Amino acid sequence: MISIYWLIGFVILVGIEAATMALTTIWFAGGAFVAFLLSLFGVPLEIQLGAFVVMSFLLLFLTRPFASKYINSSTVKTNADSLVGREARVTEKIDNRQETGTAVINGQEWTARAADDDETYPAGAMVRVSSIQGVKLIVTTSKEDK
């Protein structure tokens, strides 16, 4: 009789995962499925519960890093993170020693600094965003300039 509860739990957890695709409940659905199978063979409830917990956490810890890497690999970066690797046009000479420099990317002007303190970039030059520190673009030479 308890097997019907495991089956209902499995179906609900898979349904939630199918609706969200967030990799949040699939691990527990695996645990519920193992507990369901054990209940079909008349294994005591304490062992079913233990198997549910152990299998859920094993699936979570052993497969989540792999699944997150390959399943969510097409996630689009948002906001400032999406600018890294893109090109920007220098609008004011970038010179770290004089603490000057601005660049425009996506129509927005940013304070910009060179990744290498010895580098300077004149106004009009194209640069590549290597990182963002606070509200400053950290830039390097554009691929086109190499």
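**Close-up views of a predicted chain**

**View 1. Asn106 in the loop between E2 and strand E3 (108–114)**. Asn106 is exposed, its relative accessible area being 51% (exposed means over 50% relative accessible area, buried under 20% and partly exposed in between, with a 1.4 Å probe and protein chains only). Although Asn106 is not a glycine, its phi is positive, at about 55°. The model shown is predicted, so local features need pLDDT of at least 70 and side-chain atom pairs count only at pLDDT 80 or more, whereas totals for chains, interfaces and linings use all residues. Residues are numbered from 1 along each chain as its sequence is written, and side-chain values use heavy atoms, with hydrogens and water left out.

**View 2. Glu99 in the loop between strand E1 (87–95) and strand E2 (100–105)**. Glu99, too, is a residue other than glycine with a positive phi, here near 55°. With a relative accessibility of 62%, Glu99 counts as exposed.

**View 3. The chain as a whole**. The chain holds three helices and six strands, where helices (H or I, at least four residues) and strands (E, at least two) are DSSP runs numbered from the N terminus. Along the sequence these elements follow the pattern α-α-α-β-β-β-β-β-β. Of the 146 residues in the chain, 29% are buried. Among contacts with a separation of 6 or more, 48% are made by residues 24 or more positions apart, a contact being heavy atoms within 4.5 Å. The accessible surface comes to about 9300 Å², and 63% of that surface belongs to carbon and sulfur atoms; accessible areas come from the Shrake-Rupley method with a 1.4 Å probe, and for residues only the protein chains shown count as cover.

**View 4. Helix H1 (residues 2–20) against helix H2 (residues 26–40)**. The two axes come within 8 Å and cross at roughly 160°, which makes H1 roughly antiparallel to H2. Axes are lines fitted to C-alpha atoms, for helices over the stretch in contact, and angles run from 0 to 180 degrees between N-to-C directions; angles over 145 degrees count as roughly antiparallel, under 35 as roughly parallel, 65 to 115 as roughly perpendicular and the rest as oblique. On the H1 side the contact includes Trp6, Leu7 and Phe10, and on the H2 side it includes Phe33, Phe36 and Ser39. By class, this contact has 14 nonpolar, two polar and one charged residues.

**View 5. Ser39 in helix H2**. Ser39 counts as buried, at 12% relative accessibility. Apart from neighbours within four places in sequence, Ser39 is in contact with Ile2, Ser3, Trp6 and Gln48.

**View 6. Arg89 in strand E1**. Arg89 is partly exposed, with a relative accessible area of 43%. When neighbours within four places in sequence are left aside, Arg89 is in contact with Thr102, Ala103, Val104, Gly124, Ala125 and Met126. Between Arg89 and Glu109, which are 20 residues apart in sequence, the C-alpha to C-alpha distance is 9.4 Å.

**View 7. Ile138 in strand E6 (residues 136–141)**. Ile138 is buried, its relative accessible area being 10%. Not counting residues up to four places away in sequence, Ile138 touches several residues, among them Arg113, Ala114, Ala115 and Arg128. The C-alpha atoms of Ile138 and Arg128 are separated by 8.5 Å, and the two residues lie ten residues apart along the chain.

Terms used
Nonpolar A, V, L, I, M, F, W, Y, C, P; charged D, E, K, R; others polar.
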